[in-house]
Amino acid sequence: MKLNGKIAVVTGGARDLGAAISVKLAKEGANVIINYYDNPENAETTLKMVEAAGSQGIIVQGDMTKAEDVKNLFDTAVAKFGNRIDVLVNVVGGIMGRKLITEQDENWYNALMDVNMKSCWLCTREAVPYMTGGGAIVNFSSLAARDGGGPGASLYATAKGAVMTFTRSMAKELGPKGIRVNALAPGTIATSFHDKFNTPENRERMKGIYPLRREGDAEDVADLVTFLVSDDSDYITGTNIDINGGISFS
């Protein structure tokens, strides 16, 4: 078990990618703190799967764009599992909708930057004091950060570009402490994100373009996250790894 006894915090860990990551980390031996925002039923289901995998877990509600909620998440984690965090996976983020530049206002700008970038910054800031050598952080960027995103996704792409740069900065800052920081840049992964913000017709069309001729699934992403937080990737830091079926190469 690659993560036996380690303590992992997964923001947005109750559904879709976050749930798959929480369960995969648990299967590898980690105890998992599952953050959720607005769906306690999903959180309870994910917690049961974590426990069925033989690991301990807790669920903590909170808005990861709010400093007080982020502090509560980590206070709760260390109260339960001790004064140590080994793994942080910043899954929280999203496109929220599509608006052209002439349709955007300051509230929209703040919302997109907060949920995608501020959440990542707040959680990293809170986690680092509890991390020591061997700690690992994985952030979530996007293919949109590389290609500018689709119509109406300019601020989402911009925020995810900020996550890429933040990842590189933290790799430099935290590397001397033995903490590695990497990010993923997913393409189309079959989750509720694309159920809501894409169309079935476009998704089928794109499958014909991907070299692998399929969308990714949550388990593909969870496997890569597990690699990046385990000792198998001990000399990898500061990377933004594409996971997109070959549709784009960085």
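The protein chain folds into nine helices and seven strands. The model is predicted. Its radius of gyration is 17 Å, close to the 18 Å that the globule rule gives for 250 residues, so the chain is as compact as a globular protein of that length. Along the principal axes, the C-alpha trace spans about 50 × 40 × 40 Å. Of the 250 residues, 53% are buried.

**Nonpolar cores**

The largest nonpolar core has 34 residues. Those with the most contacts inside this core are V9, I33, F74, I85, L88 and I137. Several elements each supply at least two of its residues: strands β1 (7-11) and β3 (57-61), and helices α3 (67-81), α4 (106-127) and α6 (154-174). Helix α4 gives the largest share, seven residues.

L88 shows how this part of the chain is joined. Beyond its neighbours within four places in sequence, L88 is in contact with V9, T11 and F74 among others. Its partners also include C123, T124, A127 and M131. A136, I137 and V138 are on the list too.

**Cysteines and rings**

How many disulfides does the structure hold? The number is zero. C120 is in no disulfide, and its nearest cysteine sulfur belongs to C123, 7.7 Å away. C123 likewise is in no disulfide, with the sulfur of C120 as its nearest, at 7.7 Å. A disulfide needs the two sulfur atoms within 2.5 Å. Both residues lie inside the protein: C120 is buried, with a relative accessible area of 3%, and C123 is buried at 0%.

A search of the whole structure finds zero aromatic pairs. Lysines do sit over rings, however. The charged end of K80 lies over the ring of F81, and K99 lies over the face of W108. The distances to the ring centres are tabulated here.

| Lysine | Ring | Distance to ring centre |
|---|---|---|
| K80 | F81 | 5.9 Å |
| K99 | W108 | 4.3 Å |

**Two buried sites**

S22 sits in helix α1, residues 16-27. Is S22 buried or exposed? S22 is buried, with a relative accessible area of 0%. Leaving aside neighbours within four places in sequence, its contacts are V10, G13, V32, I34, T46 and V50.

P186 belongs to strand β6, residues 180-186. P186 counts as buried because its relative accessible area is 9%, and the limit for buried is under 20%. Which residues does P186 touch, not counting those up to four places away in sequence? They are F140, S141, S142, L143 and I243. P186 and A144 are 42 residues apart in sequence, yet 8.6 Å apart in space, C-alpha to C-alpha.

Methods: Residues numbered from 1 in each chain as written. Predicted model: local features only at pLDDT ≥ 70, side-chain atom pairs only at ≥ 80, totals over all residues. Heavy atoms only, no water. Core = buried A, V, L, I, M, F, W, Y, C linked by side-chain atoms within 4.5 Å. Buried < 20%, exposed > 50% of the residue type's maximum accessible area, 1.4 Å probe, protein only. Helix = DSSP H or I, 4+ residues; strand = E, 2+ residues; numbered from the N terminus. Contact = heavy atoms within 4.5 Å. Phe/Tyr/Trp six-rings, centres within 6.5 Å; stacked < 30°, edge-to-face > 60°. Lys NZ or Arg CZ within 6 Å of the ring centre and 35° of its normal. Rg over C-alpha atoms; globule rule 2.2 N^0.38 Å.
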